[in-house]
Amino acid sequence: MTYNSNYTSTHSPPSYSHYTSQYNHQMSSIVTDEEHKTQIYNQSLDQSSMVNLNSSWVNYKDFQDTSCSTAANTRRFTGAWVTTLFLIVCLKMFFSIIPGISPEASWTLTNLSFNFGSFIMFHWVQGIPFENNQGAYDGLTLWEQIDGGIQFTATRKFLTAVPIVLFLLSTHYTHYDFITFGINFTALVVVLVAKLPLMHRVRVFGINKFDMD
Amino acid sequence: MNPPSSILPSTDGDDLAILNTTFVAISEFILSIPGSAGVLRYIKTSYQDDPFRVVLELILVFFAIQYMSAKKYKIDDNAVKLTSKEIDELVTEWTPEPLVPPLSDQDRLDLEKSTLITGAQGPKPRVGSNQKPLLNLASANYLGLCSSDRIKEKAVQTLREYGVGSCGPPGFYGTIDVHMDLERNIAQFLGVEEAIIYAQGFSTISSVVPAFAKRGDVIVVDDGVNFAIQKGVFISRSNVRWFKHNDVNDLERVLEDIRVEDLVLKKRLTRRFIVTEGLFQNHGDIAPLPKIIELKRKYKYRLILDESQSFGVLGRRGAGLTDLFDIPAQEVDMIVGSMATSLCSAGGFCAGSHEIVDHQRLSGSAYCFSASIPAMLAVSTSEALAILSSTPTLLTDLHDRARLLRSILAHRSLTPLIDLYAPEPDHPAPFLHIRARETFLASRLRDGERAVPREDEERLWQEVVDECANQGVMITRAKYVVKQEVNCPRPSVRVCVSAAHTRKECEKAAGAVKSAIVKVFGRWRK
């Protein structure tokens, strides 16, 4: 038995004038410019509605607000910054104690594993692990989330300087041949290019692109 | 100092001598800078007979220096930059809006005509200045549980034992045994694995939808759903597709569209939901559940069914739409209901599998962030469920009254004036909407008018409501947030029957509504 009333046949076609921009009522897949703008607007609205725990840990800005400024500033840089340096030292030590390894090989391994790890964490993985805001950060890498997308902040400068310094140190302490130099330099260039402002939200050849519509 | 001509053959010895001394001076100066020896040593070791390498490294250093000295800026910053002069101008131009905006005519009507009940709510409350109590056809007290002494007694007992408030959200000390009992009772009554209770009926569905559907997910929604569902669907930020109210062919068309689109555009697999209402609050009709379940299985969607109006009244046991259509409740992924309608308590619930419920304990915003319902309301709901399952006559009485009301309102004299939603004589819904017939409205158009303004139609119905009150019956206009409804229904009155009224009372009330409509419609705009 069905209780479907004849209501549908009598009522007038719905008018969506108030909501055309908020509801994707059109059945076509082509998202209009207006709708796209609204989506971007809603996304930035959702992003600013609460602290992004996924990126705020990299610089712990909150400590700056405390009245005790010197202590605050020292604590500010003790989070991810020191962790990065600590990780590099650990990596280098780990690769150096392998019996019979040459300094070239250990530096190359250190360079590669650090650059690969940071590329995965900062430039490959998207979104945030603890979802609580309807996917406000979907499709954004951690690098793009840091400091709310502001370029050339202290954290970004630090994280850019680290691989460069690491590379220069490694060339200094070793006698790379052409191949090892090439490998190290390429890894560095890939990481650096990914950090450039002009690569913000750019997915080269659509690799790793997250489709939202 | 030796003449440079011995090293660099040149015709002009003097100039070279000057150049040479300059070089020496520079190198001495560089060496005098603290730390410069280290830098030079670094360059010497790094050089390693390979100028190309040094150039690359220098480029790197320059890149680093440039990056370090760059100024902060925000990408895609579309904030309007104003000069201080412009800001001053804007400030002087600004006149604050009144804190309380002036009332519109509609607001004034709503305010003036608000019904004020003195004393307890029930099937026959005292209303405003009326001498005699009115027959209440305006509340969702379908089963008459609102004035049940058994529930009242239980509530007082609970109040003595647990106090009033629950003192916290469910995750933080807000859950006590009676809440867990209630969750178990609801799950058992529906025949599902588990249920979770929310503190407000309205925020239940608008919290359940966004708990599961996020950005990029797909929600297919009936375009006649109530306001709470619309809000839930909107704040989920998902991609929303609407299908025509209760039209399964249109639903299938939308689902097929999405399927083809996904194939053509090679979209990633996302979560998909069909959201609809069991008994439509705004239209009084029932969703064709068997067909929807068939489609959801065919296209692999999950079904969220809002049973706020249907829970407790539809079906042989009153377990809602699944009961009515004899479908196991597990077939519907999430059954959302209200405890504030037929059960005459407060709050809402979502019932489903363990996974569905577990997920909401940390992701249902309204569950996590508001205090749980007071213990006495939880106990009242449990008691109401117990009464409902132990008294089958309640439902037969209710359906008998509903049939009676429908048969009286379907009278010939009303046919040219009104439309009933839903009109079928044995439709099981315990309430119906009455809307003015379009042909009637068209016959009363004033000169130069294309359609009757919404406000006038509201006033017409308010007159009917007032006339009913004079005749001893309380009904009410259905109220909508006109500007925000996706598909705002036309003005109507919502007439609810109650099992607490005797057959005679119901007949009298329906007769009063009928005569009020005839009287008011007859003199309207004449």
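In chain A, the axes of helix α6 (residues 103-124) and helix α9 (residues 178-195) come within 10 Å and cross at roughly 20 degrees, where axes are lines fitted to C-alpha atoms, for helices over the stretch in contact, and angles run from 0 to 180 degrees between N-to-C directions. This is a predicted model, in which local features need pLDDT of at least 70 and side-chain atom pairs count only at pLDDT 80 or more, while totals for chains, interfaces and linings use all residues. Residues are numbered from 1 along each chain as its sequence is written, chains are lettered from A and ligands numbered from 1 in the order in which they are written, and side-chain values use heavy atoms, with hydrogens and water left out. Helices (H or I, at least four residues) and strands (E, at least two) are DSSP runs, numbered from the N terminus.

**Helix packing in chain A**

- α6(A) and α9(A) are therefore roughly parallel to each other, a term that covers angles under 35 degrees, with over 145 counting as roughly antiparallel, 65 to 115 as roughly perpendicular and the rest as oblique.
- Helix α5 (residues 80-96) of chain A packs against helix α8 (residues 154-173) of chain A at an angle of about 15 degrees, with the axes 11 Å apart, and that makes α5(A) roughly parallel to α8(A).
- α5(A) passes α8(A) in a right-handed crossing.

**Salt bridges**

- Over all chains the count comes to 35 salt bridges, each defined as a side-chain nitrogen of Lys or Arg within 4 Å of a carboxyl oxygen of Asp or Glu.
- B:R361 and B:E194 meet through their side chains in a salt bridge of 3.3 Å, N to O; B:R361 lies in helix α14 (residues 354-363) of chain B and B:E194 in strand β5 (residues 194-198) of chain B, so the pair ties together parts that are 167 residues apart in sequence.
- B:E458 and B:R477 form a salt bridge at 2.8 Å, N to O, and because B:E458 lies in helix α19 (residues 454-470) of chain B and B:R477 in strand β15 (residues 476-477) of chain B, the pair ties together parts 19 residues apart in sequence.
- B:E458 counts as buried at 6% relative accessibility, as does B:R477 at 5%, where buried means under 20% relative accessible area, exposed over 50% and partly exposed in between (1.4 Å probe, protein chains only).
- B:D110, B:R454, B:E458 and B:R477 are linked in a network of salt bridges.

**Nonpolar surface patch of chain B**

- B:L19, B:F23, B:I26, B:F29, B:I30, B:L31, B:I33 and B:L40 form a nonpolar patch on the surface, with about 770 Å² of accessible area together.
- Patches are made of residues with over 30% relative accessible area and no salt bridge, like charges being joined within 9 Å and nonpolar side chains (Val, Leu, Ile, Met, Phe, Trp, Tyr) within 5 Å.
- Accessible areas come from the Shrake-Rupley method with a 1.4 Å probe, and for residues only the protein chains shown count as cover.
- Helix α1 (residues 13-32) of chain B gives the most to the nonpolar patch, with six residues; B:F29 lies in this helix and counts as exposed at 56% relative accessibility.

**Backbone geometry**

- The peptide bond from B:Y421 to B:A422 is cis, with omega near -5 degrees.
- A:F205, in the segment after α9 of chain A, has phi near 55 degrees, a positive value in a residue other than glycine.

Key
A crossing is left-handed if the near helix is turned anticlockwise from the far one by less than a right angle, and right-handed if clockwise.
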